[in-house]
Amino acid sequence: MSMEQIVFYAFAAILVAASVAVITVRNPVHAVLFLVLTFFTSAALWMLLEAEFLAITLVLVYVGAVMVLFLFVVMMLDINITVLREGFIRYLPVGIIVALVVVVEMTIAVGPKYFGLEHFAEPARHMADYSNTKELGRILYTVYVYPFEIAAAILLVAIVAAIALTLRRRPQTKYQNAGWQVATRRNDRVRIVKMETEKKES
Amino acid sequence: MSNMNFEMPNFALALPEIFVLCMACVVLLADLFVGERNRVVTYLMSQATLVGAAILTVGLHTGETQITFGGSFISDTMGDVLKVFIYLVTAVVFLYSREYLRVRQLFTGEYFVLGLFGVLGMMVMVSAHSFLTIYLGLELLSLSLYAMVALQRDSIGATEAAMKYFVLGSLASGMLLYGMSMFYGVTGSLDITEVSTYLAQSHDKNIVLAFGVVFVVVGLAFKLGAVPFHMWVPDVYHGAPTSVTLYIGTAPKIAAFAMLMRLLVEGLGDLHMQWQGMLIMLAIASMAAGNIIAIAQSNIKRMLAYSTIAHVGFLLLGILPGTENGYSSSMFYILVYALMGLGGFGMVMLLSRAGFEADRLEDFKGLNQRSPWFAFIMLILMISMAGIPVSVGFWAKLAVLQALIRADMTWLAVVAVLFSVIGAYYYLRIVKLMYFDKTEDNSPIQPALDMRVAMSANGLAVFALGIYPSALTALCVAALK
């Protein structure tokens, strides 16, 4: 077994174990952390495939931004995990049987014999100075410019939808108006009233 | 450096798409600056966008098939015809929705912006020439639709409908994508020409392809709402505001037809034997469930939802013989259906007013005594949907049945006729309610002038097409040449 295969199997084993842990651990915070591990190990696998740019993007975007945000949300929300997990053990045997049948069927239908190296040649290895990022950029802005622009439109729709569905104007909410605060003069707040001194009645 | 021989795309072919995208962004920004009272500006700009896109599409039409953008975009007659119908239908949807939305405090810029982005998604689907663009167009459309359903935030029904639609729709997208990935795995390409060339040349149809076809068909059936993947249709149609139901139920069906044509016929045409059987089952189940369950509905939006399912069954019947004749009859069917659906849901909106949704069957009681003209238009629409002779719905059904008989599938044509007869019951029940039942509700029906004109035109168009269907038939035949 070559060094590369050993590395691959090590990362693959961690990946599978971590993704199983995501759906089995009791604590949602732990589940999110396992998901981070899953993303990280899959990034390592992509690195082995010489897809450096995608691997780094996965770590930066998913691990760095999305998952941290997700963790934040999970910590903020008080999710009662016991209610969600009700019946987990009861449905487990059926679930395992169904999953096994699906796995076996899919291995028969789309097993490795249809996608082996005899169907597709192994991609050529590149030298260390080969820039993945440059190649991706080149193809993304030329051949794939049309799908790329549609993807941009999809993201724009997502932004519009998210704002339209969540933005609420609450007139009764009290908030500070900094400009108004700074512009306030003494006379706006304090009024000096002259009063006649009153004699104490005896 | 394989892509150094990159060919500059012919941007002119995609001008309508570029125009709609730019205008949607302009409308989005302009809407921020017009006040609550001048919201009608947003509406007019959206309508102008659709008109402009129609002018561009017709003006750029050459009649030749051209492929550009590295093989991901195709411009052909079928695409142009379908696009023009999509603009037309969407423009009528916007027109019908205006008053309905205003009365319910839903007259916001987002409805029109999301509607325009949905139109863009449909256009991308219609002129897609790669699995990737089909998928992206579909996602752009679906995402806009999910958001539009949820726009009425205070309505529990709408929120529930949006949630169901979103979860099931994402699942369906996943299925479709998985099927596409199988084709990519075998053929090594996402381009429709390359996939179909590979399929034509390879003699052993291996099991992976069959596996991929199953997932693609399931994904498509979900999106079309064919039985047994129809569960979301009645809930979404019922829960969404009627203006959104109108949008979902009409123009996207035309885009779905285009998606079927591009994916199954142009891409996977050589696997015809594999998908024909699946479509037969989907079509029979859809016609059966759609027509029979519709009888039990007391809500007209739900009833029309089940009727949509039945019509989708008919649409599939036209595609499955795999003949040019069948495709053109299917196209005719879906265009006619879009027109009838517009009228049907439009009538529900026309009869409703502030705080009152005319979406129960009882609300149509005695419509003749309240407004003979609109009762007459509803009569035309219902007769046409039922497919009673000398209505356009009849010609559409007849064309599909003819295509089936020519392909030696007479038994399937017989089944289709039987279910159509069952379906006629619930359409005619509305006619009975309108003409023979009395109503206590004598509140006048006073729609705005544009709504009145559009609804009359819609009804008369269905009527005229019933008498003179050959122009539209010829157009459909020419589009698929």
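Which helices of chain B each supply at least two residues of the lining of the largest cavity? They are helix H5 (131-150), helix H6 (156-187), helix H8 (207-224) and helix H11 (251-267). The views below start there. This is a predicted model, in which local features need pLDDT of at least 70, side-chain atom pairs count only at pLDDT 80 or more, and totals for chains, interfaces and linings use all residues. Residues are numbered from 1 along each chain as its sequence is written, chains are lettered from A and ligands numbered from 1 in the order in which they are written, and side-chain values use heavy atoms, with hydrogens and water left out.

View 1. A cavity here is a set of points, on a 1 Å grid over the protein atoms alone, where a 1.4 Å probe fits but cannot get out; lining residues have an atom within 4 Å of a point. Grid points are joined across faces, edges and corners, and a volume is the space filled by probe spheres set on the points. Helices (H or I, at least four residues) are DSSP runs numbered from the N terminus. By class, the lining has 15 nonpolar, two polar and two charged residues. Nonpolar covers Ala, Val, Leu, Ile, Met, Phe, Trp, Tyr, Cys and Pro, charged covers Asp, Glu, Lys and Arg, and the others, Gly among them, are polar.

**View 2. The second largest cavity.** This one holds about 80 Å³ of space. Of its 15 lining residues, B:Asn291, B:Ala310, B:His311, B:Lys397 and B:Ser420 sit closest to the centre. Helix H12 (272-295), helix H13 (300-319), helix H16 (372-386) and helix H18 (410-436) of chain B give two or more residues each. H18(B) contributes the most, with five. Sorted by class, the lining has nine nonpolar, five polar and one charged residues.

**View 3. Where chain A meets chain B.** Counting contact as heavy atoms within 4.5 Å, 28 residues of chain A and 40 residues of chain B take part. The buried area, meaning the accessible area (1.4 Å probe) lost on putting the two parts together, summed over both, is about 3000 Å², and carbon and sulfur atoms give 79% of it. On the chain A side, A:Tyr146, A:Val157 and A:Leu165 lose the most area to chain B, together 21% of what that side buries. There are zero salt bridges between the chains, a salt bridge being a side-chain nitrogen of Lys or Arg within 4 Å of a carboxyl oxygen of Asp or Glu.

**View 4. The second largest pocket, lined by both chains.** A pocket is an open set of grid points with protein on both sides within 12 Å along at least five of seven lines. This pocket's volume is about 1100 Å³. Among its 36 lining residues, A:Ala164, A:Arg169, B:Arg39, B:Thr108 and B:Glu110 lie nearest the centre. H7(A) gives the largest share of the lining, five residues.
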